[in-house]
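Open the model in your viewer and keep the selection tool handy. We will go from one stop to the next, saying what to pick and what is there.

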Amino acid sequence: FPYSYYTVGSCFAVNASVYVKQGGMNRKQAGEDFYFLHKVFPLGRCYEINSTCVYPSPRPSDRVPFGTGPMIQSISESTNKDLRTYNFESFIDLKIFLKQVHNLYQITGKDLKEFIDNLPKSIAQYLVQHGFFKAVEEINANSSNLETFKKRFFYWYDAFKVLKYLNFAHEHHYEKSSLLIGAENLLEKISDDSIGQKNCKEYLEIYRSLEREF
């Protein structure tokens with residue numbers, strides 16, 4: 001996914017002109033940083049600062065129905081400390097789809113159906129139920145080259161649709177798994193070394209170290 005950045009409200013900065021151009025952030029709804037930043041990322045010139053660290057306040061909050069504050073409150077009140085996250089296999093399915101997006105440029109109706117049929121069921125069913133065929137047709141009709149197509153496609157298949165796909169996949173195909181298992185699964189995919197089982201803090205330190213190398 002071309003815009004796979006973290007969206008934590010206390011950990012980003014934008015130019016004032018960009019903030020105004022994109023309409024700023026709402027002040028009453030949850031996820032305002034997520035929605036705002038994913039309007040900004042397609043503009044380009046986005047960078048990660050990995051030479052410093054921001055520590056958001058860990059205070060619980062019930063100001064909004066979801067987000068960091070409510071999650072902190074839920075974790076602090078729960079006796080079950082086994083944090084759950086999206087099943088790693090759902091991301092593998094997503095990757096299979098995203099790696100083939102370029103094949104959708106100027107695709108015919110017959111080939112488009114075959115494209116869908118060859119995808120994992122979790123992502124294929126989500127796409128069919130959310131206007132995929134019509135979207136690809138309209139995007140192709142307004143794209144004169146592959147780069148334009150990809151830009152338009154990821155304007156349609158944005159981060160919000162990625163999130164909705166993950167929720168759909170866990171309603172119909174997968175069960176959420178332990179955060180520790182997910183962290184271990186990812187490391188096995190991206191690291192050549194044998195890491196072994198770690199605790200949450202150890203995994204966090206490993207991933208921070210890896211990010212600084214990118």
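Begin by selecting Asp-117, which is partly exposed with a relative accessible area of 49%; that class lies between buried, under 20% relative accessible area, and exposed, over 50% (1.4 Å probe, protein chains only). Before moving on, note that this is a predicted model in which local features need pLDDT of at least 70 and side-chain atom pairs count only at pLDDT 80 or more, while totals for chains, interfaces and linings use all residues. Residues are numbered from 1 along each chain as its sequence is written, and side-chain values use heavy atoms, leaving out hydrogens and water.

A salt bridge here is a side-chain nitrogen of Lys or Arg within 4 Å of a carboxyl oxygen of Asp or Glu. Lys-113 and Asp-117 are four residues apart in helix H5 (residues 109–117), so about one helical turn separates them. Helices (H or I, at least four residues) and strands (E, at least two) are DSSP runs, numbered from the N terminus.

How many salt bridges does a search of the whole structure find? It finds two. For the other stop, select Arg-208 and Glu-205, whose side chains meet in a salt bridge at 3.6 Å, N to O. Both lie in helix H11 (residues 200–213), three residues apart, about one turn of the helix. Arg-208 is partly exposed at 28% relative accessibility, and Glu-205 is partly exposed at 39%.

Finally, pick Leu-187 in helix H10 (residues 179–190). Is Leu-187 buried or exposed? Leu-187 counts as buried, because its relative accessibility is 2%.
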